[in-house]
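Have it open while you read, and go through the points in order.

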Amino acid sequence: MTGSVARQVRDRLERRRDEMVELLGELVSIESGSDDPEGLAAMAVRLEELFGEFAPPTRHPPGHLLFVLPGAADTGHAGSAQEATARTGRGKGGGHTLVIGHYDTVWPRGTLRRMPFRVDDGVLTGPGCFDMKGGLVLLYFALRELRALGRAPVRQTRILLTCDEEIGSVTSRDLIADLAGAAEVAYVLESPLPGGALKTARKGVAKYTVRGQGRAAHAGIEPEKGASAIVEVAHQICQLHALTDLERGTTVNVGVVRGGTRPNVVAAEAEAQVDVRVATRAESERVHAAITGLRPVNPQTVVSVTSGPSRPPMERTDGIARLFARAREIAGDVGMDLGEGATGGGSDANLVAEAGVPTLDGLGPEGAGAHADHEQVLIESLPRRAALLAGLLAEV
């Protein structure tokens, strides 16, 4: 019966909230900032122990973890592929389910001293609890309860836990693209929108550095012999900000500017760091062409542009809409009024959706404060969010 697995999982986990909180507290207490190799290594070991209960881990440098779980048709458990009631339009059912999470955080080592793990009046706080160690806890308990119920994921499930999402997925993006190639659906364990809504669209994100090279001179004695890189970059900043189109959801922001050596020297070098957010591929192409095509206003200067890590936009496709509709049915079966929405931030969901895979993002627990001092998780949401994830894995 539709939703029966999710209902059973929620009923079981409502009695195990304390266990879920305990595990989340343990993971939060292992500091694992993106630039902390020691902390990341410790977290990887613990995750290998946890998810190794379900499948042997495979390590991909520098520390990405892959677990491959057999599907119901492979194990002979209840929930064969014929029970899948939603077609996503991706293929003919021969692919796998891809689940992606990350275990790096934005928080540097030592943050726990001022932001310790705490539980107070139904709210759990601590660095990384919401983004996104809470999502890892949901996945662990969803898999554990499915096993206890004698169920298996409806198809082979590949779980990828990465260690560099917060710094642009530089080393994991090729692996993500490879795993997305034959995936039927994908679930990303990031934190949800306010109220627990899933993310069915994300803006694309791109980073650029615009550099100006001029000619130094004494600002008081012979300024005419100089060519200011700072003035040139200022001209370029005006052009960059003119690319913003709020009606299309496009923002171009110069957030960091550097240049010059001393006040009495005409600046020979300057640079601007640019953040771009776009809702569609067409806008991505328009803005990229404009930025890479910048030319100097002062012919005595040189302007160059380099691009950094980027993520393509995750647009809400028909496949994503159908997948969300199925998720909403399962959520309703466990008493959740599940919503959806878009966000301006990027995640690994952007990379998976780029491959044409119907993707749901924001499947983590409810809470607030990602990347902020008040980062928190609503404890009462843990059982129902784990139940939703279990239902998706077992029935879709």
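1. Start with methionine 132, which sits in helix α6. Helices here are DSSP runs of H or I with at least four residues, strands are runs of E with at least two, and both are numbered from the N terminus. A cis peptide bond links aspartate 131 to methionine 132, with omega at about -5°. Before you read much into that, remember that this is a predicted model, where local features need pLDDT of at least 70, side-chain atom pairs count only at pLDDT 80 or more, and totals for chains, interfaces and linings use all residues. Numbering runs from 1 along each chain as its sequence is written, and side-chain values use heavy atoms, with hydrogens and water left out.

2. Helix α6 also lies across β2 (64-69), β3 and β6 (157-162), and runs at about 140° to β3. Contact means heavy atoms within 4.5 Å. The axes are lines fitted to C-alpha atoms, for helices over the stretch in contact, and angles run from 0 to 180 degrees between N-to-C directions.

3. Those strands belong to an open sheet of six, ordered β1-β2-β6-β3-β7-β14, with mixed pairing. β1 (57-60) and β14 (359-360) are at the edges with a single partner strand each, so one side of each has no neighbour in the sheet. Two strands count as paired if DSSP finds at least two bridges between them. Within the sheet, β3 (residues 96-102) and β7 (residues 183-188) run parallel and are joined by five bridges; valine 99 stands opposite tyrosine 187 in β7.

4. Have a look at the β1 end. β1 and β2 pair in the antiparallel sense over four bridges, and a hairpin of three residues joins β1 to β2. Histidine 60 has histidine 64 in β2 as its bridge partner. In the loop between these two strands is proline 62, and its peptide bond with proline 61 is cis, with omega about 5°.

5. One more backbone item: aspartate 121 is not a glycine, yet has a positive phi of about 55°. This residue is in the loop between β4 (118-120) and β5 (123-125).

6. How many aromatic pairs does the structure hold? There are five, counting rings of Phe, Tyr and Trp (its six-membered ring) whose centres lie within 6.5 Å; planes under 30 degrees apart are stacked, over 60 edge-to-face, and the rest tilted. Phenylalanine 51 and phenylalanine 67 have ring centres 5.7 Å apart and planes at 50°, so this pair is tilted. Since phenylalanine 51 is in helix α3 (residues 37-51) and phenylalanine 67 in strand β2, the pair ties together parts 16 residues apart in sequence.

7. The other sheet to check is an open one of four strands, in the order β10-β11-β9-β12, with antiparallel pairing. Its edge strands are β10 (251-259) and β12 (302-311), each pairing on one side only. Neighbouring strands are turned by 20° against each other on average, direction ignored. Ten bridges connect β9 (residues 204-213) with β11 (residues 269-278), and tyrosine 208 has valine 274 as its partner in β11.

8. On a 1 Å grid over the protein atoms alone, a cavity is a set of points where a 1.4 Å probe fits but cannot get out, while a pocket is an open set with protein on both sides within 12 Å along at least five of seven lines; lining residues have an atom within 4 Å of a point. The largest pocket holds about 540 Å³, where volume is the space filled by probe spheres set on points joined across faces, edges and corners. Its lining has 27 residues, with Glu165, Glu166, Gly345, Gly346 and His371 nearest the centre. β12 gives the most to this lining, with three residues.

9. The second largest pocket has about 290 Å³. Of its 20 lining residues, Ala206, Tyr208, Ser284, Ser310 and Arg311 are the closest to its centre. The elements giving two or more residues to this lining are β9, β11, α9 (281-292) and β12.

10. Finally, there are two cavities of 30 Å³ or more. The largest cavity has about 40 Å³ of space, and its lining residues include Trp107, Pro108 and Lys133.
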